[in-house]
Amino acid sequence: MADGAAAPVTDDATLLQRVRQGDQRAMADVFDRYGRAVYSVALRILKDTGHAEDVMQEIFFQIWRNSDSFVQGRGSLGAWLVVVARNRSIDLLRRRKPVDSVDDVILASPGNMASEVEHNSMMEKVRKVLRDLPAEQQRSMELAFFEGLSHSEIAERTGDPLGTVKTRIRLALITLRKAFQS
């Protein structure tokens, strides 16, 4: 393999190594690959295009500044970015002042952030796995990931013990992880 050859990069580890070396094209590839998923999660939680774009920009800027913030071996880069987007969005939602409206109109995100087919395929796989979960696990996952509730808040809302809520979410996440590793 010749040095400096511009071969197509398919794995995240190689992309991140190039990002660490200051390769702007590699950073653009990371953004192209995962930008839509990060934005979608932020928008779903925040219901505000501007805030969702800010969260997305902040996350990708973090990768550019410190690509070591992603720890290899603890999951995929895509999954990590989605979790970071979720957590940052929930933090922002909790910091909002009561005068901020969460009922603003959601506008579609323009642009070519990722492959529509790949995104749709991944989302359909997530939907299928979630549909196949036991009802209690589905409910706990929806409250945690789509409404941004903490484990304690979920237990309070459902009347279930905190340990039960944590176990349901953990089992659902294990099921999702297995589905994406196969």
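**Asp 12**

I began with Asp 12, which is buried at a relative accessible area of 15%. Here buried means under 20% relative accessible area, exposed means over 50%, and partly exposed lies in between (1.4 Å probe, protein chains only). The model is a predicted one: local features need pLDDT of at least 70, side-chain atom pairs count only at pLDDT 80 or more, and totals for chains, interfaces and linings use all residues. Residues are numbered from 1 along each chain as its sequence is written, and side-chain values use heavy atoms, with hydrogens and water left out.

Asp 12 sits in helix 1. I take helices (H or I, at least four residues) and strands (E, at least two) as DSSP runs, numbered from the N terminus. I then listed what Asp 12 touches, with contact meaning heavy atoms within 4.5 Å. Leaving aside neighbours within four places in sequence, the partners are Arg 33, Tyr 34, Leu 77 and Gly 78.

Ser 76 came next. Its C-alpha atom is separated by 8.1 Å from that of Asp 12, 64 residues apart along the chain. Ser 76 lies in the loop between helix 3 and helix 4. Ser 76 is partly exposed, at 40% relative accessibility.

**Whole chain**

I stepped back to the fold. The protein chain has eight helices and zero strands. Along the sequence the pattern reads α-α-α-α-α-α-α-α. Of the 182 residues, 34% are buried. I also checked contact range: among contacts between residues at least 6 apart in sequence, 61% join residues at least 24 apart. The chain exposes about 11,300 Å², and carbon and sulfur atoms supply 53% of that. These areas come from the Shrake-Rupley method with a 1.4 Å probe; for residues, only the protein chains shown count as cover.

**Helix 2 against helix 3**

How do the axes of helix 2 and helix 3 cross? The axes of helix 2 (residues 24-46) and helix 3 (residues 49-65) come within 8 Å and cross at roughly 145°. Axes are lines fitted to C-alpha atoms, for helices over the stretch in contact, and angles run from 0 to 180 degrees between N-to-C directions. The crossing is right-handed. By convention, left-handed means the near helix is turned anticlockwise from the far one by less than a right angle, and right-handed means clockwise.

I went through the contact residues. Helix 2 brings residues including Val 30, Phe 31, Tyr 34, Val 38 and Leu 46. Helix 3 brings residues including Thr 49, Val 55, Ile 59, Phe 60 and Trp 64. By class, the contact has 16 nonpolar, four polar and one charged residues. Ala, Val, Leu, Ile, Met, Phe, Trp, Tyr, Cys and Pro count as nonpolar; Asp, Glu, Lys and Arg as charged; the others, Gly among them, as polar.

Lys 47 is in the loop between these two helices. Lys 47 has a positive phi of about 55° although it is not a glycine. At 33% relative accessibility, Lys 47 is partly exposed.

**Cores**

In soluble globular proteins, nonpolar side chains tend to be buried together. I looked for such sets here. A nonpolar core is a set of buried Ala, Val, Leu, Ile, Met, Phe, Trp, Tyr and Cys residues joined through side-chain atoms within 4.5 Å.

Which residues of the largest nonpolar core touch the most other members? Of its 27 residues, they are Val 30, Val 38, Ile 59, Phe 60, Leu 77 and Leu 81. Helix 1 (12-20), helix 2, helix 3 and helix 4 (77-95) each give two or more residues to this core. Helix 2 gives the most, with 11 residues. I followed Ile 59: not counting residues up to four places away in sequence, Ile 59 touches Val 38, Leu 81, Val 84, Ala 85 and Arg 88. Apart from this core lies another, of 14 residues, among them Ile 154, Ala 155, Val 165 and Ala 179.

Arg 157 lies in helix 7 (residues 151-158). Arg 157 is partly exposed, with a relative accessible area of 46%. Beyond four places in sequence, Arg 157 touches Arg 139, Leu 143, Glu 147 and Leu 149.

Is Arg 168 buried or exposed? Arg 168 is buried, at 17% relative accessible area. Arg 168 is placed in helix 8. Not counting residues up to four places away, Arg 168 touches Glu 136, Gln 137, Ser 140 and Asp 160.

I finished at Gln 181, in helix 8 (residues 162-181). Gln 181 is exposed at 62% relative accessibility. The C-alpha atoms of Gln 181 and Gly 75, 106 residues apart along the chain, are separated by 9.7 Å.
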